[in-house]
Amino acid sequence: MQTILVLFGGVSPEHAVSLVSAEAVLKNLNKENRRILPVGITLEGKWILFGGEDYAEIAADRWEQNPKNRTAILSPERNVGLCVMGEKGVETIPVDVIFPVLHGENGEDGSIQGLFQLSGIPFVGCGVCADAASMDKSVTKLIAATTGVRQADWLTLHRADFQKDAAAMCRDIMAHIAFPVFIKPCSTGSSVGVSKVKNESELMPALENAFKFDKKVLAEEFINGREIEVAVLGNDHPTAATAGEIDAGAEFYDYETKYVTSTSTPYIPARIDADTMQAVREWAVKIFCALGCAGLSRVDFFVTRDSNEIVFNEINTLPGFTPISMYPKMWAAEGVSFAELLDKVIALALEA
């Protein structure tokens, strides 16, 4: 019997997305000879072993009210596992593998991976260093640059400098990058806090918004291109699925477009020629390896409309597993079902 701890929720702006991903993972996870421990982390940081059997409660954000819930924590002590509080004291449950269905801050930035590493329990996804470097877009860019891939021009901006002289920061951005320019927090996912700025009057509000989410922000060149995503799977010898494409149907592929509205259209395979398809898959694996990733990641690019040039955008080390998420859809196009994909990432965790 294999015991799998599925973690969801989290103290993160992407908490709600995690709940939807978790429902899909828990519903599709092969239950044969497995004990599944669904543990949610509330927005306040409380850990709860979900006592219900209807995983739809999780996606609907009603899971915290289940009467069978119990407080639980993961012990950092090796060979202990999950500690569950009950009327008769603390029950310890050994865990074979952890599947963190956690997006964004405190979930895929290396912080909780440090706890997993201390516990000695194998876990799905990247380690501390790779997660931290991939979450911070300014660090990602520096490491990706060692591969030789083209990237959008950027400036790294700091909250302290913005608070000291916001006008000077705006002038600096306009001196280096032409409009439109993207303003984005360095360490959020799902396009949280991101703005596409078309003129000077929009710049200050965009910076104010981005600095609400992070003390470090990127100003980035706009790339007029197709939005291409590549699903990568593996440890020492990763492989890339056929790339997909997102037609946002909006100014850009923001949080609302991803999870709230239905204006975006996915294309699998992406609408690019065979040579570009091969190249973008190769670049995805190179970047995955350069950052020291393991298990799974989604690597995002632009392919420019005028010259068909590949431009690296960002990497997501715990991509969405919602019913509309591209990562499982790209592997499904390769003949790997959702359940098979979950088995593969768990096997890779145990292998690592």
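In which loop does Asn 106 lie? Asn 106 is placed between β7 (97-101) and α3 (111-119), where helices (H or I, at least four residues) and strands (E, at least two) are DSSP runs numbered from the N terminus. The model is predicted, so that local features need pLDDT of at least 70 and side-chain atom pairs count only at pLDDT 80 or more, whereas totals for chains, interfaces and linings use all residues. Residues are numbered from 1 along each chain as its sequence is written, and side-chain values use heavy atoms, with hydrogens and water left out.

Most residues other than glycine have a negative phi, and most peptide bonds are trans. Asn 106, although not a glycine, has a positive phi of about 65°. The relative accessible area of Asn 106 is 33%, which is partly exposed; buried denotes under 20% relative accessible area, exposed over 50%, and partly exposed the range in between (1.4 Å probe, protein chains only). A positive phi, of about 60°, is also found at the non-glycine residue Asp 61, in the loop between α2 (56-59) and β4 (70-74). Asp 61 is partly exposed at 41% relative accessibility.

The bond from Phe 179 to Pro 180 has omega near -5°, and Pro 180 is located in the loop between α7 (166-176) and β9 (181-185). The bond from Ile 268 to Pro 269 is likewise cis, with omega near 5°; Pro 269 belongs to the loop between β15 (265-267) and α10 (274-290).

With a salt bridge defined as a side-chain nitrogen of Lys or Arg within 4 Å of a carboxyl oxygen of Asp or Glu, the count comes to 13. Asp 136 pairs with Lys 216, the closest N and O atoms being 2.8 Å apart. Asp 136 lies in the loop between α4 (128-135) and α5 (137-144) and Lys 216 in strand β11 (residues 216-221), so this pair ties together parts 80 residues apart in sequence. Asp 136 is buried, at 13% relative accessible area. A salt bridge also joins Lys 141 and Glu 220 (2.9 Å, N to O). Because Lys 141 is in helix α5 and Glu 220 in strand β11, the pair connects parts 79 residues apart in sequence; both residues are buried.

Arg 271 and Asp 247 form a salt bridge at 3.8 Å, N to O. Arg 271 is partly exposed at 37% relative accessibility, and Asp 247 is partly exposed at 32%.
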